[in-house]
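User: I am new to this structure and would like to learn how to read its sheet and its helix packing. Please take me through the features one by one.

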Amino acid sequence: MKLVVVAVGARMPSWVVEGYREYAKRMPPGTTLDLVEIKPEARTMGKTVAQMLAAEAARIRAALPKDARVVALDERGKDMSSCGLAVQLEAWMQERGPLVFLIGGADGLDAALKKTAAMQLRVSDMTLPHGLARVLLAEQLYRALSIIGGHPYHRE
């Protein structure tokens, strides 16, 4: 299974890069967790938030693999436990194509882009730095695959 995180933002602190890489390398055989960083739109005078989000959305769409199932991370998305994510991930594994998770930038994700996603997923009630959201998502994907595979990483 190919998992891809498409995240708006670049030049993350070393702890974000290291944390993400740690969980990406732990993925079970046959599963990859790739990261595609999207350049954020410059926050300059004269552009509305909607215009900036639309520009970022165009870059995100251009980066999406063919036949991808897209999950948008959003503060208003569906709440899911680690075990719930494992159940959902196992169902998605039965389908073809890569599974892509979108993480927006400072202003989130474009509304039209979120509407095209197969699911909108919420990772926390708290507001998180976007770099931390990358690490948290990578860890939860690893945890979900550990649950599916019966690995002792996850203990109830």
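**Reading the sheet and the helices**

Analyst: Helix α2 (residues 49–63) lies across β1 (2–8), β2 and β4, and runs at about 145 degrees to β2. Contact here means heavy atoms within 4.5 Å. Axes are lines fitted to C-alpha atoms, for helices over the stretch in contact, and angles run from 0 to 180 degrees between N-to-C directions. Helices (H or I, at least four residues) and strands (E, at least two) are DSSP runs, numbered from the N terminus.

This is a predicted model, in which local features need pLDDT of at least 70 and side-chain atom pairs count only at pLDDT 80 or more, while totals for chains, interfaces and linings use all residues. Residues are numbered from 1 along each chain as its sequence is written, and side-chain values use heavy atoms, with hydrogens and water left out.

User: What is the order of the strands in the open sheet?

Analyst: Strands of a sheet pair through backbone hydrogen bonds, either parallel or antiparallel. Here five strands follow the order β2-β1-β4-β3-β5, with parallel pairing; two strands pair if DSSP finds at least two bridges between them. β2 (32–38) and β5 are at the edges with a single partner strand each, so one side of each has no neighbour in the sheet. From one strand to the next, the twist averages 30 degrees.

User: How many bridges join β3 to β4, and how many pair β3 with β5?

Analyst: Strand β3 (residues 69–79) is joined to the parallel strand β4 (residues 99–103) by four bridges. Between β3 and strand β5 (residues 119–122), also a parallel pair, there are five bridges.

User: At what angle do α1 and α5 pack?

Analyst: Two packed helices are described by the angle between their axes and the distance between the axes. Helix α1 (residues 14–25) and helix α5 (residues 130–149) have axes 9 Å apart, at an angle of about 10 degrees. They are therefore roughly parallel; angles under 35 degrees count as roughly parallel, over 145 as roughly antiparallel, 65 to 115 as roughly perpendicular and the rest as oblique. Residues of α1 in this contact include Trp-15 and Tyr-23, and those of α5 include Leu-132 and Tyr-142.

User: How do α3 and α5 cross?

Analyst: Their axes come within 8 Å and cross at roughly 75 degrees, so α3 and α5 are roughly perpendicular to each other. Leu-85 and Met-93 are among the α3 residues that take part, with Leu-141 and Ile-148 among those of α5.
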